Amino acid sequence: MSASLNLTSGAPRPLGILAALPQELGDLIEAMRAASGVRTVTHGQRDYHVGTVHGTPCVVTLARVGKVAAAATVSALIHAFDVEAVVFTGVAGGVGSDVRVGDVVVASTLLQHDLDASPLFPRFEVPLLGMSHFAADTALANRLAAACERFVAEEGAACAARFGTHEPRVHRGLIVSGDQFVASATGVNALRTALPDALAVEMEGAAIAQVCYEYGVPCAVVRTISDTADDHAPASFVSFLTEIAGTYSNAILARFLAGPAAAG
Ligand code: SAH
């Protein structure tokens, strides 16, 4: 079960934390450097930062963008770093009718919206695996959602005032992933029609969930809504990513990693 290329040493097994883009990690690597020091291992053209933050041993890395990049990176977290579980943090386009910029979505299930081997297999089904929806780990997703709820209760109003966004809300449900930045009314409406339950669209989560399912590693995905996947998406995405995403990520991850103790 454990890896032939295990670059970590000793117990306990670390948590893998990944994002696609550096802004989506906030100050996590600096916080880890301050708390425990960081050992950086380069593997498959990615830097894996090993250390402890908020009391949790972690391996933190950037997947870059898209399903292949995400699958390759999470495979390395599993095989080279023997992570116990995986958490993905990042931004996404809002798809659900009441999902607004600044809201947070925690995945219950994930699906690849651009996977279509029909008529050989049903649309969205991963051929030969017989599945289209991949579940996040319930306990991990509950803990992540609790951290998000705490963040919203404690800092949501201040965030909204600071950034000029709506007061954030936390949603839980289906996140869909594909190798496209969805940025048109036509594109997002097509998703709504095909997948009426979809809350958010992004480019990595379902690939991570599939790999984690295949290796039996618990995973959870949290996404802050940077845009609504329509014609305004490019501008909204860029400003949210550069100005806001890190604040959300820091606030959510700090509460998640510090554990459920302060809940309520
Ligand atoms: N490298 C570019 C492009 C990023 S693509 C850049 O840095 O500007 C957008 C990223 O944000 C992906 O990782 C994806 O998961 C997420 N994302 C945010 N809004 C999205 C949308 N409307 N459609 C698809 N992915 C979106």
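A crossing of two helices is right-handed if the near helix is turned clockwise from the far one by less than a right angle. I keep that at hand for the first entry. The model I am reading is predicted.

**Helix pair**

I looked up H2, residues 67-79, and H5, residues 205-215. Their axes come within 8 Å and cross at roughly 35°. I read the crossing of H2 and H5 as right-handed. Next I listed who makes the contact. H2 brings Lys67, Ala70, Ala71, Val74, Ser75, Ile78 and His79. H5 brings Ala207, Ile208, Val211, Cys212 and Tyr215.

**Ligand**

Which atoms pair up with it?

- A side-chain N or O atom of Asp227 sits 2.7 Å from a nitrogen atom of the ligand.
- Met203 places a backbone N or O atom 2.9 Å from a ligand oxygen atom.
- Gly93 has a polar backbone atom 3.3 Å from a nitrogen atom of the ligand.

On its own, the ligand has 570 Å² of accessible area, and the protein covers 79% of that.

Where is the cis peptide bond? I found it between Ser118 and Pro119. Omega there is about 5°. Pro119 belongs to the loop between strand S6 (104-112) and strand S7 (134-135).

His54 lies in the loop that runs between strand S3 (46-53) and strand S4 (56-62).

Key. Residues numbered from 1 in each chain as written. Predicted model: local features only at pLDDT ≥ 70, side-chain atom pairs only at ≥ 80, totals over all residues. Heavy atoms only, no water. Axes fitted to C-alpha atoms, helices over the stretch in contact; angles between N-to-C directions. Helix = DSSP H or I, 4+ residues; strand = E, 2+ residues; numbered from the N terminus. Contact = heavy atoms within 4.5 Å. Polar contact = N/O pair within 3.5 Å; in protein donor to acceptor, adjacent residues only side chain to side chain. Areas by Shrake-Rupley, 256 points an atom, 1.4 Å probe, with all protein chains shown as cover.
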